[in-house]
Amino acid sequence: MSGAWTIVARRELADLWLRGRGFALLVAYSVLLSATTYLVATNQAINFIEQREAVGLTLQVAVAVGALLSLLAAADALSGERDRGSLEALLLAPVPRWQLVAGKGASALSLWLAAFAVAVPYVWFLGHGIGLVAVPLSAGLAVGTLLAVAFAAMGLAVSAGASTSRVSLAVCMLVLLALYVPTQFPVGATTGWAGELLQRFNPLTAGLHFLGRLVIDGHGAFEEASWLAAPALFVTAAVAAAAVAARRLRLSGVRE
Amino acid sequence: MTAVEATGLTRTYGAVTAVDGLTFELEEGRVLGVLGPNGAGKTTAIRMLTTILPPSSGRFAVAGIPDGSEREIRRRIGVLPESAGYPARESGEEYLAYHARLHGRPAAEAVAAARRLLAEVGLADRESALIHTYSRGMRQRLGIARALVNDPAVVFLDEPTLGLDPQGQRDVLQMVRRLAGERGVTVLLSTHLLDEVEQVCTDVLILNHGKVAALGPVAAVVSRAAAPRSARLRTGPDRVEEAVTLLAAIHAVSAARAADGRPGEVTIELSAELAAPAAAAAVLATLVEAGVPVAEFTLEGGRLSDAFLEVVST
């Protein structure tokens, strides 16, 4: 059945947005984005931060956290079914396993898209005075989608093999932590060839750096395109891992 | 036509062999009770036959479709897994319609099938209720309905009565009987309810330590594994001694004695040299000829539960 993934996706979307925690996550995200926007806007008012930088910071938070939401949903997608004892019934459907996984992935990505939609008015609020709306929004959508697809695929791959949701979430959080840590390094640690290499290799810092170059520094997208190599590689690897995990999807995860 | 066929089906987990060389055939329209103590390999066997678990070795075919065509097999089977979980915040109708859609039914047809099946399993009045409001018995019935969304040729029910009260157990087993009778599907039923298996199933497969311990029609397995070797007789309390003396003297009886603490009852050990019915006939003829009244005569050891215990204890 070629369109089974859409059936799975529709059901998962209903589960996430009508019956699940989609809105709760989005509300928490909105609170975080509001706080970030308020802080950068007030800092900007007392000249501690430039307006372009305010737009860039808010966008970076929106992209990083929005992609994280997709990861959270994906990490629970298959291991959650396993926890609830409903995976076996799903595996018994005469549907290619990749379609089951793809449907769940599509639902997880909806969190990113919703998060991006929430971020639009914040970016507009901060950037419309200096004519900086279209570039940050288009770049944010591109980079955020890249990262969200990669995170969702990674979450699905881990979820397919994990025996429980707790294990799946723990593994994903560990990987995420490893990716996020460099974003908190002091400026000194990110300069020089070693610092730049570290930033370029880390798909998250590379993606956020790309946004910074475009939005804060006003550089062109083609000029800075090399920063997207790591996120693109990450997407490829994560989607490949999810495809392999889908083919090997079993009732008890990797223990079987 | 053979509905289920397994040849040397084996599944190992490291050094542990969960199912060891399972070989059997089940004809279309039969109801096979799969029995065995905990850890005997029942669920593993069912999971292999339903394509959930790849066998370590051996071959099988379900509904005429050989292993290797997993998706084709899944199209033709219905399964109620052991300890199946259900989405708490979905209604029964949504749940069934979703699975019907996954089995290729168009949306409108899936909803119609869901309603029809809910009515069939006695949940018509709960079709819009969320599953978390269902009792355990209702969830099991919902699970059976889900197993039927694709009009399967073979249905596998793994412990469908687990955790149900006696009424719930009876409801589920009646449903199994109806399935086989009205729909004509082949059923593999794993359960611990031996008496009910005796009533519902045509055949029985007893697994022990992953191996086939007994296989065949229920009556044949019972008679082969647990031919009656003893009997109980009730007569007047004042005739017990006479009955014991008479029975001890005949060839069909190896021992007879008054039952301790039960006035009027005689315990009889039947001779192994005669078939149980012949020995029983000889006992009754001797007593009737001597004018000893017989209020009750029961052959013991002729039930599936006796066969089960005998088979799994060896």
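This is a predicted model: local features need pLDDT of at least 70, side-chain atom pairs count only at pLDDT 80 or more; totals for chains, interfaces and linings use all residues.

Me: Which strands form the open sheet of chain B, and in what order?

Reply: The general idea is that strands of a sheet pair through backbone hydrogen bonds, either parallel or antiparallel. Here, six strands of chain B form an open sheet with mixed pairing, in the order S6-S7-S8-S3-S9-S10. Its edge strands are S6 (77-80) and S10 (211-217) of chain B, each of which pairs on one side only, and neighbouring strands of the sheet are turned by 15° against each other on average, direction ignored.

Me: How many bridges join S6(B) to S7(B), and what packs on the sheet there?

Reply: Four bridges join S6(B) to S7(B) (residues 154-158), and these two strands run parallel; within this pairing, B:Val79 stands opposite B:Phe156 in S7(B). Helix H5 of chain B (residues 136-147) packs on the sheet by touching S6 and S7 of chain B, and the direction of this helix makes about 165° with that of S6(B).

Me: Which way do the residues of S8(B) point?

Reply: In a regular strand the side chains alternate between the two faces of the sheet. In S8(B), B:Thr186, B:Leu188 and B:Ser190 point one way, while B:Val187 and B:Leu189 point the other way, and all are buried. Strand S8 (residues 186-190) of chain B is therefore largely enclosed by the rest of the structure, since five of its five residues are buried. As for its partners, five bridges join S7(B) to S8(B), which run parallel, with B:Phe156 opposite B:Leu188 in S8(B); four bridges join S3(B) (residues 31-35) to S8(B), also parallel, with B:Val34 opposite B:Ser190 in S8(B).

Me: How many residues of chain B are in contact with chain A, and which helices take part?

Reply: The size of an interface is often given as the accessible area lost when the parts come together, but here we can count residues: 21 residues of chain B are in contact with 16 residues of chain A. Helices H2 (70-76) and H3 (92-102) of chain B each supply at least two residues of the side that touches chain A, and H3(B) gives the most to that side, with four residues. By class, the side of chain B that touches chain A has nine nonpolar, six polar and six charged residues.

Me: At what angle do H6(A) and H7(A) cross?

Reply: The axes of H6 (residues 134-161) and H7 (residues 165-180) of chain A come within 9 Å and cross at roughly 140°, which makes H6(A) oblique to H7(A). The crossing of H6(A) and H7(A) is right-handed. A:Met154, A:Gly155, A:Val158 and A:Ser159 in H6(A) meet A:Ser168, A:Val171, A:Cys172 and A:Val175 in H7(A), and by class this contact has five nonpolar, three polar and no charged residues.

How values were computed
Residues are numbered from 1 along each chain as its sequence is written. Chains are lettered from A and ligands numbered from 1 in the order in which they are written. Two residues are in contact if their C-beta atoms, placed from the backbone, lie within 7 Å. Ala, Val, Leu, Ile, Met, Phe, Trp, Tyr, Cys and Pro count as nonpolar, Asp, Glu, Lys and Arg as charged, and the others, Gly among them, as polar. Axes are lines fitted to C-alpha atoms, for helices over the stretch in contact, and angles run from 0 to 180 degrees between N-to-C directions. Angles under 35 degrees count as roughly parallel, over 145 as roughly antiparallel, 65 to 115 as roughly perpendicular and the rest as oblique. A crossing is left-handed if the near helix is turned anticlockwise from the far one by less than a right angle, and right-handed if clockwise. Two strands pair if DSSP finds at least two bridges between them. A residue is buried if 20 or more other C-beta atoms lie within 10 Å of its own, exposed if 12 or fewer, and partly exposed in between; C-beta atoms are placed from the backbone.
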